[in-house]
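Subject: Structure for your files

Hello,

Here is the structure I said I would send. My notes on it follow below the model.

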Amino acid sequence: MATDNDLLSRTRAAVWHPCTQMKELEAIPPLPVARGEGPWLIDTDGRRYLDAISSWWVNLFGHCNPRINAAITDQLGRIEHVMLAGATHAPVVELSERLAKLTGLGHAFYGSDGASATEIALKMSAHFWRSQGQTQKNGFISLKNGYHGETVGALSVTDIPLFKTTYAPLLRPSVQVPTPDARLAEPGESAEAFALRCADALEAYLAEHAATTAAFIVEPLVQGAAGMAMYHPAYLQRARELCDRYAVHLIADEIAMGFGRTGTLFAFEQAPPLALAGAGIKTVRPDFICLSKGITGGYLPLSAVLTTDEVYAAFYGDDTARGFLHSHSYTGNPLACRAALAVLDIFEQDDVLAANRAKAAEFTAVLAEVSAHPRVRHFRHLGMIWAFDVADAAPGFAARFHHAALARGVFIRPIGRSVYVMPPYVTQADEMRGLAQAVQACLDDPAI
């Protein structure tokens with residue numbers, strides 16, 4: 001078994017870590033993880049750390065979950081991988097069928113990660129309009145402070161300067177409209193009123209530029225990289241209405257918020273339904289939905305894009321060039337699909353969404369003292385996500401908080417001055433109490 005020092009020296013020498021200034025690892029080394037158990041990470045010396053952010057928001061049902069383990073092990077004895085161009089297999093077919101039933105969108109197209117899903121949706125949208133003879137409809141809009149991935153196309157619709165500025169010369173121009181982040185509302189203005197005011201700005205843009213706009217991409221209800229910025233679901237209702245009116249696709253980036261994080265299986269389900277004259281009630285269903293992260297319970301890389309029958313039909317024909325000529329070597333990998341199927345089984349068999357509603361109420365009560373802390377601003381909660389901003393956070397706050405929380409047995413990584421908690425769904429109340437105590441201790445320390 002590797003020791004802490006051995007593993008850390010080797011990682012510094014050989015591994016380039018993501019979203020990391022490597023020089024910082026000299027002062028704050030990465031956590032040397034040896035194994036996982038439920039919501040816990042265990043280092044090479046046997047110390048335990050609560051995985052309070054689900055390993056970058058991917059882990060739903062704990063590390064080394066026996067049911068997901070069993071599904072992958074069974075699949076290993078059948079077929080580990082076969083290319084999906086010219087072949088098919090049972091796990092990808094069953095997963096596609098079940099996702100279609102859950103989302104109301106069909107014909108899943110698979111990639112390897114969230115950014116890949118964004119790229120796929122953007123390309124599909126622009127290609128659709130091209131096939132309709134509207135080649136000028138190739139622009140994209142997104143929300144200010146939004147995040148959709150870091151590949152070139154995905155970064156083009158992302159609005160996080162830290163990630164985007166350096167690569168600006170490589171990116172395609174896009175337009176960002178005001179975010180309905182409830183923290184930005186005027187004093188006395190409700191979250192709903194502010195969301196609708198922001199939707200007015202979206203309408204003004206589309207009224208002038210719809211002819212050159214392919215799609216509006218949005219993180220439903222929560223903008224993760226913006227510090228878990230939460231907004232009222234009325235915005236999604238208006239966005240759907242406006243995209244319909246101006247013939248623009250609505251892309252729901254559910255990469256981080258899908259699979260129960262916001263309290264429903266998909267965040268867009270919380271938007272009020274649209275009453276359409278002569279057509280009854282229509283749910284706020286997007287034209288594209290991008291899925292990744294929790295889709296495999298944190299086990300294997302997988303992403304999926306689902307879309308409408310109308311979009312799918314636009315690519316169907318005799319001409320090869322009319323098809324969607326996009327591919328990944330590991331598209332629809334059987335092992336990843338089996339993990340995803342096991343995740344869906346757990347949701348169904350354990351009634352996870354109902355269980356999470358009860359846990360969310362209990363955990364919110366556990367965090368009451370944190371929410372009342374004098375340094376805390378904008379304490380917010382949705383589903384299985386809790387977040388707050390630290391009023392007096394000085395430069396370097398995120399790193400100091402992370403390091404201090406580790407010393408107290410909690411793995412947590414603030415985003416700027418925003419601290420958030422997004423634990424695996426298997427976390428229990430006593431574990432959440434320990435997390436709350438660690439967070440409280442970090443806030444009580446004026447040096448952090």
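**Residues with a positive phi**

Asn 145 sits in the loop between strand S5 (139–143) and helix H6 (152–156). Helices (H or I, at least four residues) and strands (E, at least two) are DSSP runs, numbered from the N terminus. This is a predicted model, in which local features need pLDDT of at least 70 and side-chain atom pairs count only at pLDDT 80 or more, while totals for chains, interfaces and linings use all residues. Residues are numbered from 1 along each chain as its sequence is written, and side-chain values use heavy atoms, with hydrogens and water left out.

Asn 145 is not a glycine, yet its phi is positive, at about 70 degrees. With a relative accessible area of 31%, Asn 145 is partly exposed. On this scale buried means under 20% relative accessible area, exposed means over 50%, and partly exposed is in between (1.4 Å probe, protein chains only).

Lys 293 is a residue other than glycine with a positive phi, near 45 degrees. Lys 293 lies in the loop between strand S13 (288–291) and strand S14 (303–307), and its relative accessibility of 25% makes it partly exposed. Ala 247, which follows helix H9, has a positive phi near 55 degrees.

**Helix H9**

H9 covers residues 234–245, twelve in number. From first C-alpha to last, H9 reaches 17 Å, close to the 16 Å expected at 1.5 Å a residue. The expected span is 1.5 Å times one less than the number of residues in the helix. Its buried residues are Ala 234, Tyr 235, Leu 236, Arg 238, Ala 239, Arg 240, Leu 242 and Cys 243.

Asp 244 also belongs to H9, and is partly exposed at a relative accessible area of 35%.

**Helix H12**

H12 (residues 352–366) has 15 residues and spans 20 Å between its first and last C-alpha, close to the expected 21 Å. Which residues of H12 are buried? They are Val 352, Asn 356, Lys 359, Ala 360, Phe 363 and Val 366. Seen down the axis of H12, these fall within an arc of 115 degrees, so they line one face of the helix; the arc is that of the directions from the helix axis to the C-beta atoms.

The face turned away from that buried side carries the exposed residues Arg 357, Ala 361 and Ala 365. The buried residues of H12 pack against helix H11 (334–350), helix H13 (368–371), strand S15 (376–382), strand S16 (385–390) and helix H15 (429–444). Contact here means heavy atoms within 4.5 Å.

**Val 15**

Val 15 lies in the loop between helix H1 (4–14) and strand S1 (33–37). Val 15 counts as partly exposed at 39% relative accessibility. Leaving out residues up to four places away in sequence, Val 15 touches Arg 10 and Met 22.

**Cavities and a pocket**

On a 1 Å grid over the protein atoms alone, a cavity is a set of points where a 1.4 Å probe fits but cannot get out; a pocket is an open set with protein on both sides within 12 Å along at least five of seven lines, and lining residues have an atom within 4 Å of a point.

There are two cavities of 30 Å³ or more.

Strand S4 (106–111) and helix H10 (309–314) are the elements that give two or more residues to the lining, and S4 gives the most, with four.

Regards

Conventions: Points joined across faces, edges and corners; volume = space filled by probe spheres on them.
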